[in-house]
Amino acid sequence: MRGTKRSIPEPDRRSSLATLPAVSRVQSCAAYRKLQRDVGSGLATDLLREEIARLRDEVTRGVLDRRSLRRAAAPATLVARARDKALSLLAPSPRLVINATGVIVHTNLGRSVLSERAAERVAEASRAYMDLEYDLERARRGSRGSHLDPLLERLFPDRACAVFNNNAAAILVALRALSRGREVVVSRGELVEIGGSFRIPEILAASGARLREVGTTNRTRIQDYEQALGSRTGMLLKVHTSNFRIVGFTEETPVAALAGLARKAGLPLVVDWGSGDLVDLAPLGIHDEIPVRRILDDGADLVTFSGDKLLGGPQAGIAVGRPELVTRLKRDPLARVCRVDRLQIAALHEVLAAYVRGRAFEEIPTLRMLALTPEEIGRRAEALRSGLARGRGGERLQVVDGVSRTGGGSSPVGERRTRLLAVEGAGGDAGEIEKALRTGDPPVLGRVHEGKLLLDLRTVLPSQDRVLAARLAAALREDALRR
Ligand SMILES: *Cc1c(COP(=O)(O)O)cnc(C)c1O
């Protein structure tokens, strides 16, 4: 910048303002007309005006030197800046990213990826009318619930189900419908906050039910519940402490014991089972995720869970349990407020159908990712490494052992052994590479640990491997050039 970069002196600023082009003059250039065609004339005009106003402001405040002003005020530059702003405003958002964090149910990244079939159904269902609330046979009003009920009945025989916008909504409706104005007995150790915005005490307050905490943070026994029961009690609530675990001196009352107590007292036991998987994950070596079915068999009267966690579907909240309770949920005025939309229903139908067909592990990405072995992941990581080995910086890639987490409020200790692609930065620190990958297109997200960037292919869709390789090659090259 050679010391010529002095802001325009105060007395000259007025005359400098006069050098700013008129909006109409810029509008007559070809580049502007193209911008207008691409983004619409209203937006093009507004952005152009804003650009000129910004320059006027910078001149007045004295933050521009003459040369920068001349460059910035050129019609081509003004139009180019307006175009950049327009494109960034209009670009699709949320953006698609490559999740190489290894966290499968990543709440910040949208939790579950839909299966191909579910995704196609959503695309199709969004483009046409449908018999959403219409009975074609009888030519009269039908019900939204009718689409999912037959599949849910197969998955949960002898129980009824209601589907809401998300699990928080399912709990809210359940609390209100079954316990408004009454006490909800819940263990102090289960008054959890999930994802920074879901707090059981707040949902409880919003429902009009009253919280009756029992036990201590680390220990709650059946006697604690028993002593709290009285004429004001509306229900017993158990919450899956899905995103943390208190270890050491702890005691938690099992569902079966609570169910016995609830039955004796003639009160419903409602269980918020958070992640709510439908299949037994024990064959994968996962023993601490108890399927919803077992919670019901243990005697829970109503279980609620999310559609987009381990179930692997769209955002939704499913309440399953005794038919007379579910009917009360469906009749509550809040049920209408918390209802699912047609695209959620269309997606969830395909996902539930995969379970009914016994194809969940083949078709549902969340389960497929969970089932991947370290050997399978290692082979992909090795292929990626060897493909880049001879390129610039390729020698800084290594395939190492590590762990992936299931995440998203499923099991807190749900760690799976994996193989990681470890990337060393040219200067020893991988922070620059991490940033380059994260802020590029498409963004690639990994995690930095002990100075290395770790990429876990468990959560990278196989169809993304090639793009990931290209982004990584470019990032390594740029990182080497920076040194
Ligand atoms: C995730 C979770 C919720 C919230 O579910 P949403 O579907 O995000 O509304 C509630 N309770 C528990 C125990 C959870 O893990």
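Biologist: Which helix holds Ser-207?
Modeller: This is a predicted model, in which local features need pLDDT of at least 70 and side-chain atom pairs count only at pLDDT 80 or more, while totals for chains, interfaces and linings use all residues. Residues are numbered from 1 along each chain as its sequence is written, and side-chain values use heavy atoms, without hydrogens and water. Helices are DSSP runs of H or I with at least four residues, strands are E runs of at least two, and both are numbered from the N terminus. Residues 200–207 form the helix with Ser-207, helix 10.

Biologist: Is Ser-207 buried or exposed?
Modeller: Buried means under 20% relative accessible area, exposed over 50%, and partly exposed in between, with a 1.4 Å probe and protein chains only. Because its relative accessibility is 1%, Ser-207 counts as buried.

Biologist: Which residues is Ser-207 in contact with, apart from its neighbours within four places in sequence?
Modeller: Contact means heavy atoms within 4.5 Å. With those neighbours left aside, the partners of Ser-207 are Leu-172, Leu-175, Arg-176 and Arg-180.

Biologist: What relative accessible area does Ser-68 have?
Modeller: Ser-68 sits in helix 5, residues 66–72. Ser-68 is classed as buried because its relative accessible area is 19%.

Biologist: Which side chain does Ser-68 join in a polar contact?
Modeller: A polar contact is a pair of N or O atoms within 3.5 Å; within protein, one must be able to donate a hydrogen and the other to accept it, and residues adjacent in sequence count only if both atoms are side-chain atoms. At 2.6 Å, the side chain of Ser-68 has such a contact with that of Asp-65.

Biologist: What does helix 4 span from its first C-alpha to its last?
Modeller: Helix 4 covers residues 41–61, which is 21 residues. The expected span is 1.5 Å times one less than the number of residues. That expectation is 30 Å, and helix 4 is close to it, reaching 30 Å.

Biologist: Which helices are included in what covers the buried residues of helix 4?
Modeller: The buried residues of helix 4 include Leu-47, Leu-48, Ile-52 and Leu-55, as well as Glu-51 and Glu-58. Their cover includes helix 1 (13–18), helix 2 (23–27), helix 3 (30–39), helix 5 and helix 6 (75–90).

Biologist: What share of the residues of the protein count as buried?
Modeller: The protein has 21 helices and 17 strands, and its C-alpha trace spans about 85 × 55 × 50 Å along its principal axes. Of its 483 residues, the buried share is 47%.
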